[in-house]
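This note is written for a colleague who is meeting the structure for the first time. Please read the numbered points with the sequence and the model side by side.

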Amino acid sequence: MDLDKFVDSDLEQILEKRVGIVKARTIVVASGITSSHLGDERNLREFLFADLVTNHLRKKAVNVVFFLFDDNYDPLSFNQLKVAVRKDEKLIRKFEHYCGTPIKLIPDPYGCHDNYSAHYQEEILNRFHKLNIFPNIIDSWSLYESGVYDFAKEIVFTRMEEIRTFLKKEFPKYTVEKIFWPLCQQCHKMDKTTIDKIVNKQVAYSCTRCKKHHIVSWKKIKGKFSWKIDIAIKWNVFKSDFEPFSKAYLDPDVGSYFIAKSLSKEFFGGHFPEVIQYGQILMDRNLSYTLLASLPNGVLDTLFLSRRKSDIKLSGQKVIQLSKQYIVRKNISFYDYVQTRLPYESLEFFGSGKSLPELDDTMKYGGEFMRHILKKEILPKLPTTQLLNRLNIKDLIKIGELLDWVISYKSTNPSVALETFTKDFKDLLGNEEINIAKLFPIVRRLLSQEKGIAINKVFYYMTNQFLNTSRYLLEKQINKN
Ligand SMILES: [Zn+2]
Ligand SMILES: [Zn+2]
């Protein structure tokens with residue numbers, strides 16, 4: 001799918017302006033994650049927009065890179081841990097004493113990676129790769145440890161009061177909390193530490209977790225800047241040009257973007273990125289963690305990239321509506337495919353002796369869509385004897401004739417277009433004076449398409465094999481009487 005159509009003219013202008021100014025360096029698109037857990041699909045919009053801009057510029061022969069900053073110096077919170085281990089009580093008990101510790105310093109709960117952060121970083125990246133997003137990861141832990149931020153430490157520790165006064169004056173509605181979070185050298189946690197004073201390049205801090213006071217030179221102190229300071233520094237180190245922000249970050253009085261921008265100008269070099277503004281995703285709870293598995297990338301892209309600045313309310317209904325517009329297998333909407341063809345394709349697949357990894361993507365997504373969104377069983381259901389016994393013989397004969405027409409029409413016109421089929425089908429209904437209102441609800445029940453798609457489509461897309469078998473069962477029932 002060509003995604004460039006999602007770059008609206010406003011955004012195009014923003015891109016062109018900055019690219020026009022920047023001459024002798026690579027354009028940087030940036031965004032951030034915290035490898036503390038794998039969240040649900042809600043936060044994907046930000047990354048899809050960052051990736052959209054990256055690819056759009058690359059197509060225009062702009063040299064561009066997408067940096068994904070992982071805030072893995074951040075302390076783990078109890079809520080993050082709960083989501084991360086999917087509420088596994090045993091793992092929660094085993095790991096809760098790490099809350100407050102930077103995630104890079106915590107062991108992997110599942111034991112398969114070097115540390116906690118590496119585990120969830122890979123889960124997040126796998127998800128991005130599935131969406132064809134391939135950013136470059138930059139660990140914030142490594143940024144601090146390698147000394148990249150040392151120049152900023154000097155600024156912050158020599159001018160801390162100045163920074164506070166500046167923020168108070170420029171953003172009176174914003175309350176400055178901590179500017180730097182020391183990492184306690186005793187307990188290796190940082191959620192309960194406070195700087196007490198800075199004298200002669202020595203920082204005195206205390207930790208209420210282990211009730212200790214420490215004094216260390218600002219060159220040697222471990223810890224991280226508060227987020228707004230951190231991003232202002234990052235902008236200047238990496239020369240970020242474009243970053244996605246939602247409305248919450250763009251409040252002129254207290255929004256992180258404007259605060260970081262002022263801090264950057266006043267203290268750290270003045271660089272700042274242009275905003276790729278996007279609206280937030282509000283999602284029905286029961287859709288959480290189901291969308292990635294159930295929707296082809298094209299549906300997800302349309303879902304998240306349309307109407308960039310508007311908030312989107314995601315419901316099952318909305319997902320179904322979009323899946324009706326997305327074409328798979330060259331000529332059928334994803335929704336129609338799932339309703340009418342997938343059941344028989346699945347039967348064939350499982351009868352073929354192939355193994356699950358050989359399932360093609362459309363079938364894979366279709367199966368999950370059926371399960372999570374439509375909440376139906378995948379395998380086709382033939383008309384049951386119970387149902388047939390309850391039906392009127394005259395109706396069954398009429399329906400049998402209808403099926404005969406469809407089966408023979410489709411075998412003599414194997415590549416007929418849906419439009420032609422529909423037209424001829426409607427002519428038949430008119431000519432034969434078929435009572436649609438009476439018969440179609442019965443047809444739907446017989447073919448397990450109660451809430452499915454239009455009958456003409458059901459007949460068009462269903463395999464003749466299945467229609468034949470259904471027809472055979474009807475005939476048997478008619479002969480019984
Ligand atoms: Zn692991
Ligand atoms: Zn401590």
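The points below treat strands, cores, a helix and a loop residue in turn.

1. The model is predicted: local features need pLDDT of at least 70, side-chain atom pairs count only at pLDDT 80 or more, and totals for chains, interfaces and linings use all residues. Residues are numbered from 1 along each chain as its sequence is written, and chains are lettered from A and ligands numbered from 1 in the order in which they are written.

2. Helices (H or I, at least four residues) and strands (E, at least two) are DSSP runs, numbered from the N terminus. Strand E1 covers residues 27-33, and seven of its seven residues are buried, so the rest of the structure largely encloses it. Here a residue is buried if 20 or more other C-beta atoms lie within 10 Å of its own, exposed if 12 or fewer, and partly exposed in between, with C-beta atoms placed from the backbone. Ile 27, Val 29, Ser 31 and Ile 33 point one way from E1, while Val 28, Ala 30 and Gly 32 point the other way. In a regular strand the side chains alternate between the two faces of the sheet.

3. E1 pairs with E2 in the parallel sense over seven bridges; two strands pair if DSSP finds at least two bridges between them. Across this pairing, Ala 30 stands opposite Phe 67 and Gly 32 has Phe 69 as its bridge partner. Five of the seven residues of E2 are buried, so E2 too is largely enclosed by the rest of the structure. Strand E3 (residues 136-139) runs parallel to E2 and is joined to it by four bridges, with Leu 68 opposite Ile 137.

4. Which residues have the most contacts inside the largest nonpolar core? They are Val 29 and Val 53, in a core of 67 residues. Helix H2 (residues 44-59) gives this core its largest share, eight residues. A nonpolar core is a set of buried Ala, Val, Leu, Ile, Met, Phe, Trp, Tyr and Cys residues joined through C-beta atoms within 7 Å. A second, separate core of 21 residues includes Phe 180, Ile 233, Ala 260 and Leu 263.

5. Helix H9 (residues 227-238) has twelve residues and reaches 16 Å from its first C-alpha to its last, close to the 16 Å expected at 1.5 Å a residue; the expected span is 1.5 Å times one less than the number of residues. Among its buried residues are Ile 229, Ile 233 and Trp 235. The buried residues of H9 pack against strand E2 (64-70), helix H7 (150-158), strand E8 (223-225) and helix H10 (256-268). Lys 239 follows H9 and has a positive phi, near 50°.

6. Three strands form an open antiparallel sheet in the order E5-E6-E7. Its edge strands, E5 (193-199) and E7 (212-217), each pair on one side only. Strand E6 (residues 202-207) pairs with E7 over six bridges, and Val 203 has Val 216 as its bridge partner in E7.

7. Is Asp 311 buried or exposed? Asp 311 is exposed, with 12 other C-beta atoms within 10 Å. Asp 311 lies in the loop between helix H12 (297-305) and strand E12 (312-314). Not counting residues up to four places away in sequence, Asp 311 touches Gly 279, Gln 280 and Leu 282, where contact requires C-beta atoms, placed from the backbone, within 7 Å.

Conventions:
Contact = placed C-beta atoms within 7 Å.
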